[in-house]
Amino acid sequence: MRAAVIQGAGVKEVELRDDASTVGPDPAEVKVRIKATGVCHSDLSILSGTLPNSYPAVVGHEAAGEVIEVGEHVTNVAPGDHVVISWTPACGLCPDCVAGRPFLCVKYIIEGYTKPRFRVGDDTPAYGMAGCGTWAEEMVVPWEACIKVADDVPYEYAALLGCGISTGVGAVINTAQVRPGTAVAVVGCGGVGLSVIQGARAAGAASILAIDPLESKHEIAKRFGATHTATPDGADELRNLLTGGQGFDYAFEVVGRSATIRAAWQLARRGGDVIVVGAGAADDNVQFNAFELLFDGKNLRSSLYGGSDLRRDVPRFVDLWRAGKLDLESLITRRIRFEDLNDAIATLERGDAIRQVVLFD
């Protein structure tokens, strides 16, 4: 079968192989035929080494597909079911899962570093990105990673629910719990940033400032619900205009860099919430002084996977889409073939795409 493979970090392209195969499924696992998979900035972070992985690796983590085989202990899905893939499956038994924080579960993340999901070439073991590896025609995952979705949801839409929407909209409704009538700033207008904007609009925010250095993204952000846009240089002026100099109730950072986290902090009002959504590097340190951390009264919050419980939230997101409150179609810049993946990587690096989706035949 076809799969996009890298041998290690620090690369700009993937190897487009046709000699891969899956490992399993074991009794508690599911084999899925991938129908649609997104090209996300986190995939680029695996290529660059910003996010760690075991190698060789099959890239990709945002996908939807059809169940084609289940292990003997699997009861939640059956062959023929349509599923969204969760790249952080919740085991349901660890302290975080029991406490209602399934997005913090690391059981299968850790397992993904040590358990090969694929074989390539001369039977060489290969690992999946985040234990997944969705840039392949088929993959095997724990049953907990398969979230059933209604058959009438197009696969390319369902794929977005596995990462971009759950991370962005989830950050608004789960982590920040944005209140109607409030002021929101969003730093970064990629696919996840635009999902944050959509979530803020659906939550009833009165003003939404979208900030991105690429002015070409400003009109796009307005289509998704931003009331105002600015480059980073113009953000302070809009902060003063929209909030009377007080600052925003919520400032979302959706880039994953220390400079943009700091920028979001400056945009938030005293007592406001700063929500870090972007995935950054371990050696990119953010500086705060002890005085401001206490006396500004701001809440610095992480939003891993949008604080989502996909079993609860995927149906929620589908309902929002059906109600016309989530525009999934406009998030998709290009529908591409497997053979176009390296061009898609270069396109995303240039900032010329929101979400590109690979459609497998």
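**Cavities and backbone geometry**

1. The largest cavity has a volume of about 70 Å³. Helix H3 (107-114) and strand S10 (138-142) are the elements that each contribute two or more residues to its lining. The model under discussion is a predicted one.

2. In total, 13 residues line the largest cavity, and those nearest its centre are Tyr108, Arg117, Ala130, Gly131 and Pro142. H3 makes the greatest contribution to this lining, with four residues. By class, the lining of the largest cavity comprises nine nonpolar, two polar and two charged residues.

3. How many cavities of 30 Å³ or more does a search of the whole structure find? The count is two. The second largest cavity holds about 40 Å³ of space.

4. The lining of the second largest cavity consists of Glu62, Leu160, Gly164, Ile165, Gly191, Ser195, Leu331 and Arg355. Helix H5 (164-176) and helix H6 (191-203) each provide at least two of the lining residues. Three residues of this lining are nonpolar, three are polar and two are charged.

5. Ala130 is located in the loop between strand S9 (124-128) and S10. With a relative accessible area of 22%, Ala130 is classed as partly exposed, because the buried class requires a value under 20%.

6. Tyr305 also has a positive phi, of about 55 degrees, although it is not a glycine. This residue belongs to the loop between strand S17 (299-302) and helix H11 (310-322). Is Tyr305 buried or exposed? Tyr305 is buried, since its relative accessible area is 3%.

7. One joins Gly24 and Pro25, with omega at about 15 degrees. Pro25 sits in the loop between strand S3 (20-22) and strand S4 (29-39).

8. The peptide bond from Tyr55 to Pro56 is likewise cis, and its omega is near -5 degrees. Pro56 is placed in the loop between helix H1 (41-48) and strand S5 (57-58).

Technical notes
Residues numbered from 1 in each chain as written. Predicted model: local features only at pLDDT ≥ 70, side-chain atom pairs only at ≥ 80, totals over all residues. Heavy atoms only, no water. 1 Å grid on protein atoms, 1.4 Å probe; cavity = no way out; pocket = protein on both sides within 12 Å on 5 of 7 lines; lining within 4 Å. Points joined across faces, edges and corners; volume = space filled by probe spheres on them. Nonpolar A, V, L, I, M, F, W, Y, C, P; charged D, E, K, R; others polar. Buried < 20%, exposed > 50% of the residue type's maximum accessible area, 1.4 Å probe, protein only.
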